[in-house]
Amino acid sequence: MINQPSVDLLIEKLGTDGQAASRYCLCVVASKRARQILEHHIAKGPAPDEYLKEISVACQEIADGKIKYTKD
């Protein structure tokens with residue numbers, strides 16, 4: 001379970017034009033980013049001092065405003 005950052009904060013940050021994103025949208029975006037991070041770690045190998053789960057990194061990136069999504 002993710003406690004920090006909170007799900008409500010992630011939904012708010014992921015939203016566009018003042019509209020909050022849905023929980024489903026958050027799950028899809030976070031899981032896609034986590035898969036990208038995992039593939040990168042498999043290809044390159046994680047740093048020895050690095051032990052954060054990919055989903056935690058993806059959620060932190062969303063909270064920091066580094067990840068945005070667009071509707072197709």
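The largest pocket of this predicted model is lined by 14 residues, among which Cys 25, Val 28, Val 29, Lys 32 and Tyr 69 lie nearest its centre. A pocket is an open set of points on a 1 Å grid over the protein atoms alone, where a 1.4 Å probe fits, with protein on both sides within 12 Å along at least five of seven lines; lining residues have an atom within 4 Å of a point. The volume of the largest pocket is about 280 Å³, taken as the space filled by probe spheres set on the points, which are joined across faces, edges and corners. Its lining comprises eight nonpolar, two polar and four charged residues (Ala, Val, Leu, Ile, Met, Phe, Trp, Tyr, Cys and Pro count as nonpolar, Asp, Glu, Lys and Arg as charged, the others, Gly among them, as polar).

Helix H2 (residues 23–44) and H3 have axes that come within 8 Å and cross at roughly 120°. Helices are DSSP runs of H or I with at least four residues, numbered from the N terminus; axes are lines fitted to C-alpha atoms over the stretch in contact, with angles from 0 to 180 degrees between N-to-C directions. Residues in contact (heavy atoms within 4.5 Å) include Ile 37 of H2 and Ile 62 of H3.

Residues are numbered from 1 along each chain as its sequence is written. Local features need pLDDT of at least 70 and side-chain atom pairs pLDDT 80 or more, while totals for chains, interfaces and linings use all residues; side-chain values use heavy atoms, without hydrogens and water.

Definitions and conventions:
Helix = DSSP H or I, 4+ residues; strand = E, 2+ residues; numbered from the N terminus.
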